[in-house]
Amino acid sequence: MPQAISYVRFSSLRQSRGHSLERQEQMIGEWLASHPEYTLSDLQYKDLGKSGYHAKHVKGGGFGKLLEAVQDGAIKSGDVVLVEAIDRTGRMDTVDMLDLLTPILKAGVSIITLDDGNTYNRASVNGSHIYLLMAKIQAAHQYSSALSRRITATYEKRKEQAKAGVAPKRATPVWLTSEGELIERVAEQIRVAFDLYISGVGKSAIAKRMRESGVPELAKATGTAVGRWINNRTAIGEWEVYKLDDSRPTEVIRNAYPPVV
């Protein structure tokens with residue numbers, strides 16, 4: 001019986017708090033339910049919070065491991081790779097994307113895009129599907145390229161504002177407003193959290209203390225969240241620009257925000 005191999009990816013860590021993963025896994029489950037001639041493979045690949053534009057999902061990522069499995073014969077002719085859309089496989093330029101996908105198709109493995117029900121394999125791409133594939137690849141790359149330019153321009157503007165003493169607007173930690181102003185009732189508890197951590201109290205215990213503080217913003221605090229607070233340079237008033245983007249050098253801007261500790 002041929003195998004169905006699932007592949008899930010989203011670019012931003014913020015999407016992990018949304019429904020992207022749940023939606024993609026649901027679509028894969030629905031396809032499998034309607035195609036009993038396939039069995040779900042134990043080989044399942046995920047790239048959560050990895051850019052398909054900068055190929056982070058290939059270099060040491062889940063899609064890179066999927067390609068290795070094709071090359072090693074663990075994924076073989078007749079098997080299918082299930083993805084939500086072709087841009088989940090990557091958003092690089094046309095030549096790089098064709099280089100990425102060609103080994104899969106040459107191995108006799110099909111790529112099925114669940115958003116439109118299309119099947120890309122050697123036969124279909126040798127026909128009219130090549131035009132559809134090229135159009136989708138180019139549209140995905142152009143969108144990501146334009147988005148990258150807009151984000152870079154926005155960052156540059158906010159960097160200059162931060163250097164001039166204006167707190168930049170961005171997704172801020174729980175103790176700051178979106179305008180970069182300190183929320184004192186939350187900040188008071190965050191200081192307690194830092195003191196407890198320095199004293200050797202565990203993050204889960206600190207999170208419990210935060211939940212019991214009566215501060216609404218901390219009602220759902222977790223040990224993971226506490227860990228993020230402890231390691232966030234914003235706590236000392238700094239903004240670490242491009243921290244999550246390996247393609248750009250990180251820059252630390254001091255005095256961007258009021259420090260909480």
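Reply: Tyrosine 7 is buried, and phenylalanine 63 is buried as well; buried means under 20% relative accessible area, exposed over 50%, and partly exposed in between (1.4 Å probe, protein chains only). This is a predicted model, in which local features need pLDDT of at least 70, side-chain atom pairs count only at pLDDT 80 or more, and totals for chains, interfaces and linings use all residues. Residues are numbered from 1 along each chain as its sequence is written, and side-chain values use heavy atoms, with hydrogens and water left out.

Me: Is the pair of tryptophan 31 and tyrosine 38 stacked, edge-to-face or tilted?

Reply: Rings of Phe, Tyr and Trp (its six-membered ring) pair if their centres lie within 6.5 Å; planes under 30 degrees apart count as stacked, over 60 as edge-to-face and the rest as tilted. The ring centres of tryptophan 31 and tyrosine 38 are 5.3 Å apart. Their planes stand at 50°, so the pair is tilted.

Me: Is serine 6 buried or exposed?

Reply: Serine 6 lies in strand β1; strands (E, at least two residues) and helices (H or I, at least four) are DSSP runs, numbered from the N terminus. The relative accessible area of serine 6 is 7%, so this residue is buried.

Me: Which residues of α1 are exposed?

Reply: In α1, Ser20, Gln24, Met27, Ile28, Trp31 and Leu32 are buried. They cover an arc of only 135° around the axis, so they lie on the same side of α1; the arc is that of the directions from the helix axis to the C-beta atoms. On the other side of α1, the exposed residues are Glu22 and Ala33.
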